[in-house]
Amino acid sequence: MNYLSVEQLTKTYADRTIFENLSFGIDQGQKVALVAKNGSGKSTLIRCIMGEEPFDSGRVVFRNGINIAYLQQADDLNPENTIYEEIFDHDLPKLNVFKKYSKAVRDNDEMAMADLFEEISELNAWDLDSLVEQVLSKLKLDNHDAKISTLSGGQRKRVALAKVLISEPDFLFLDEPTNHLDLDMIEWLEEYLSKSNSTLFMVTHDRYFLEVITDIIYELEDEQIYRYKGNFSYYLEKKAEREENKAIEVGKARSLFKSELQWIRRQPKARGTKQKARTDAFEGIKQTAGQNIEKEELEIPIKMERLGSKILELHKVSKSYPDLRILDNLTYTFKRQERLGIVGPNGVGKSTLLRIITGEEEPDAGKVVVGDTVVFGYYSQANIEVDVNMKVIDVIRDVAEFIPLEKGREMSAAHFLEKFLFPRSMHYNYVYKLSGGEQRRLKLMKVLMSNPNFLILDEPTNDLDIYILSVLEDYLKNFQGCLIVVSHDRYFMDKMVDHIFVFEGDAKIKDITGNYTIYRDQLKKDILEEQAEKRLEKAEAKKAPVEKKVEKPVQQEAAKRKLSFKEDQEFKTLDSEIEKLENEKEKLTGILSGGKASSDELNDASKRIGELMSELEGKTERWMELAEFA
């Protein structure tokens, strides 16, 4: 069933064509991503589809009667609303009736609750309670009564995300949904969307997100759109094939162009019909042959200041704020070619550590010793200023005209810009004409152009497209100095670092050997083992005090036995089933002990808890049986 048809869509700004005659469709249940270089018009296309921005020609047709939600990069929340009021600010019957019911529960208005009971049942809105609780909890929006006007930019972004998720739309549009989310939130959202029944159309640079969630990728390139039916890995494979075929086609066209050009030059001005047809065909060959298919690998042999034996040492460094401990006696010595990643929830002090290292902030105790040969390059969105009235080339030339290379060579500012996908045609554009992602890229280039030997990058991947991320990764792969990266981009971290500082809060920091995926896999394994131990303890406690004696031959036979495939699958699902039942039991226990439930609700909760206890006991016993052989 078709949900969206885009037909012959064209959009221009002044003399610049953003896209021309784009046509594509999205069917019910599809999870689609749009990828393109920064400035190619990804967000513009979504805004045109959603009616937020006019287009020059073409048609956008949605299926009638579907519920649509749209997460924009810039939110339009009501500053006077509380978080709770804002997430329910939808004109949807299911949400409106549940909002009334929630108010009645808070006011302990039994009459209103009774009046709304049947309506909620008809709209099947009872599950909204657990959905709202889950979404707000996972996005760390615990203070439901906080006014929107008091929230930070990141918190507002999370409220906007919560708002569209809670509406449970038929069709969900997401523009960079992972911005301002920490890693735990990103992984939760990834799982949530992959299981959601909503049709999805999103713009994101998170490559693991694209890998796990999407089943179709549209690529906007050279004002055209290309369709890839698969996830990110499939897209990379098929894009490479397309570019290879294009290179062959262009190569043939260039060879034919040379011979046709010679023929054209030999012909007299007066030509027959056949000659005219051949001349017309020549124009098409010329256009194909003139396409630029060159792709440079970014291997820049930069000559940087050599690092001495002493690089960077932290000696018993401590830092606290009135309501937050950041560091407590942190001691660490950095080595040559150190590649450190820093991860942790928002607000635990990751950026504070970077500012202490670079001397922008003083520690409360301890000292930071920086080697004489160290040249820091520190990038964060906040600490790099660019005059928007300057030209692109002048921003880089202000740092240096040339960057020194090995063997006495140099690279000009213009050539360096080209390496980072700023073509010559953009060098004399004013900065204010650049997209948000292009401006961030320019700021990053200012840092790199200063030729540091110790790079510190605080969220360098925000708003950068997957193409420039690939360029940056190529550059950093060949970087011979020290590197510290704070990032929520798991794909980027996995490629760039070899050990990780995990900020857990309250000045607790773990040093983990390996990349981010290794750390998360180990963490999940530890959590599963801890859950299994708890269930084992509960099951053991329920056992009768007198255990049956098992003869030795039987024990040996049991030890040799392995689970069948079917039993192994059952064992894996029992974990999540038991956890769901325990969560439901906890919720029902809260209703029984809360003192606010009606008599009918108390009866229903009491009855369900009895059923739950029986289910839990049966599943736990079965889990114990299988656990012996797992």
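Predicted model: local features only at pLDDT ≥ 70, side-chain atom pairs only at ≥ 80, totals over all residues.

A: Let's start with strand β1 (residues 2–13), which pairs with β2 in the antiparallel sense over eight bridges; pairing takes at least two DSSP bridges between two strands. Residues are numbered from 1 along each chain as its sequence is written, and side-chain values use heavy atoms, leaving out hydrogens and water.

Back to the strands: S5 sits opposite G25 in β2. Helix α1 (residues 42–49) packs on the sheet and touches β1, β2 and β4; contact here means heavy atoms within 4.5 Å. The direction of α1 makes about 120 degrees with that of β1, where axes are lines fitted to C-alpha atoms (for helices, over the stretch in contact) and angles run from 0 to 180 degrees between N-to-C directions. The whole sheet is open and has three strands, ordered β2-β1-β4 with antiparallel pairing. At its edges are β2 (16–27) and β4 (57–62), each pairing on one side only. From one strand to the next, the twist averages 15 degrees.

Now look further along the chain. Another open sheet of three strands runs in the order β11-β10-β13, again with antiparallel pairing. Its edges are β11 (324–334) and β13 (365–370), each with a single partner strand, so one side of each is left without a neighbour in the sheet. The twist here averages 20 degrees between one strand and the next. Strand β10 (residues 312–321) and β13 run antiparallel, joined by five bridges, and E313 stands opposite V369 in β13. Helix α11 (residues 350–358) packs on this sheet, touching β10, β11 and β13, and its direction makes about 130 degrees with that of β10.

On to the helix pairs. Helix α3 (residues 93–106) packs against helix α4 (residues 110–122) at an angle of about 150 degrees, with the axes 9 Å apart. The two are therefore roughly antiparallel to each other (under 35 degrees counts as roughly parallel, over 145 as roughly antiparallel, 65 to 115 as roughly perpendicular, the rest as oblique). α3 passes α4 in a left-handed crossing, a label used when the near helix is turned anticlockwise from the far one by less than a right angle, with clockwise being right-handed. On the α3 side you'll find V97, K100, Y101, A104 and V105, meeting A112, M113, L116, E119 and I120 in α4. By class, that contact has eight nonpolar, no polar and two charged residues, with Ala, Val, Leu, Ile, Met, Phe, Trp, Tyr, Cys and Pro as nonpolar, Asp, Glu, Lys and Arg as charged, and the others, Gly among them, as polar.

Helix α5 (residues 128–138) is worth a look next. The axes of α5 and helix α6 (residues 153–166) come within 10 Å and cross at roughly 155 degrees. α5 and α6 are therefore roughly antiparallel to each other, and their crossing is right-handed. L128, L131, V132, V135 and L136 of α5 make the contact with A162, L165 and I166 of α6. Those residues divide into eight nonpolar, no polar and no charged. α5 also meets helix α7 (residues 183–195), with axes that come within 10 Å and cross at roughly 145 degrees. There, L131, Q134, V135 and K138 in α5 meet M185, W188 and Y192 in α7, giving five nonpolar, one polar and one charged residues.

Last, a word on confidence. The chain averages a pLDDT of 82, and 84% of the residues score at least 70, pLDDT being the predictor's confidence in each residue, from 0 to 100. It stays under 50 over residues 293–298, for which the model has 15 contacts beyond four places in sequence. Over residues 554–560, pLDDT also stays under 50, and the model has two such contacts beyond four places in sequence for that stretch.

How values were computed:
Helix = DSSP H or I, 4+ residues; strand = E, 2+ residues; numbered from the N terminus.
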